[in-house]
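Here's a quick briefing to read with the model open beside you. We'll start with charge, then go through the fold and a few residues worth a look.

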Amino acid sequence: MAWSWRYEGANGESVDGPGEAFGSQADAESWIGQAWRELAASGVTSVTLVEDDRVEYRMSLLPVAE
């Protein structure tokens, strides 16, 4: 089982991002916790965590509106 991230831009389109693969969900989540600011600065607005082809969840990288 391989865990990876899919990246989306502001209009929901797929955008290129690091092609990292992880052995566990925890490793993938740890990595995104360190990389999300750089991804957001490059135009990634949301990410989707996938295990092989199964979607685990999707989350926004945009700041929460106050």
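For the charge count, Lys and Arg are positive and Asp and Glu are negative, with His and the chain ends not counted. Each charge is placed at NZ of Lys, CZ of Arg, CG of Asp or CD of Glu. On that basis the chain has 4 positive and 12 negative side chains, and the centres of the two sets lie 4 Å apart.

This is a predicted model: local features need pLDDT of at least 70, side-chain atom pairs count only at pLDDT 80 or more, and totals for chains, interfaces and linings use all residues. Residues are numbered from 1 along each chain as its sequence is written, and side-chain values use heavy atoms, leaving out hydrogens and water.

**Fold and overall size**
- You'll find one helix and three strands in the chain, in the order β-α-β-β from the N terminus. Helices (H or I, at least four residues) and strands (E, at least two) are DSSP runs, numbered from the N terminus.
- The C-alpha trace spans about 35 × 20 × 20 Å along its principal axes.
- With 66 residues, a compact globule would have a radius of gyration near 11 Å, and the chain agrees at 11 Å. That radius is taken over C-alpha atoms, and the globule rule is 2.2 Å times the number of residues to the power 0.38.

**Surface and contacts**
- Of the 66 residues, 30% count as buried (under 20% relative accessible area; exposed is over 50%, partly exposed in between; 1.4 Å probe, protein chains only).
- Taking a contact as heavy atoms within 4.5 Å, 49% of the contacts between residues at least 6 apart in sequence join residues at least 24 apart.

**Thr48 and Glu8**
- Thr48 sits in strand β2 (residues 46–51) and is buried, with a relative accessible area of 7%.
- Leaving aside residues up to four places away in sequence, Thr48 touches several residues, among them Trp5, Glu8, Tyr57 and Arg58.
- Glu8 belongs to strand β1, and its side chain makes a 2.9 Å polar contact with that of Arg58. A polar contact is a pair of N or O atoms within 3.5 Å; within protein, one must be able to donate a hydrogen and the other to accept it, and residues adjacent in sequence count only if both atoms are side-chain atoms.

**Ser24**
- Ser24 is in the loop between β1 (3–8) and α1 (25–41), partly exposed at 24% relative accessible area.
- The Ser24 side chain reaches the backbone nitrogen of Asp27 at 3.1 Å.
- Ser24 and Trp3 are 21 residues apart in sequence and 6.2 Å apart in space, C-alpha to C-alpha.
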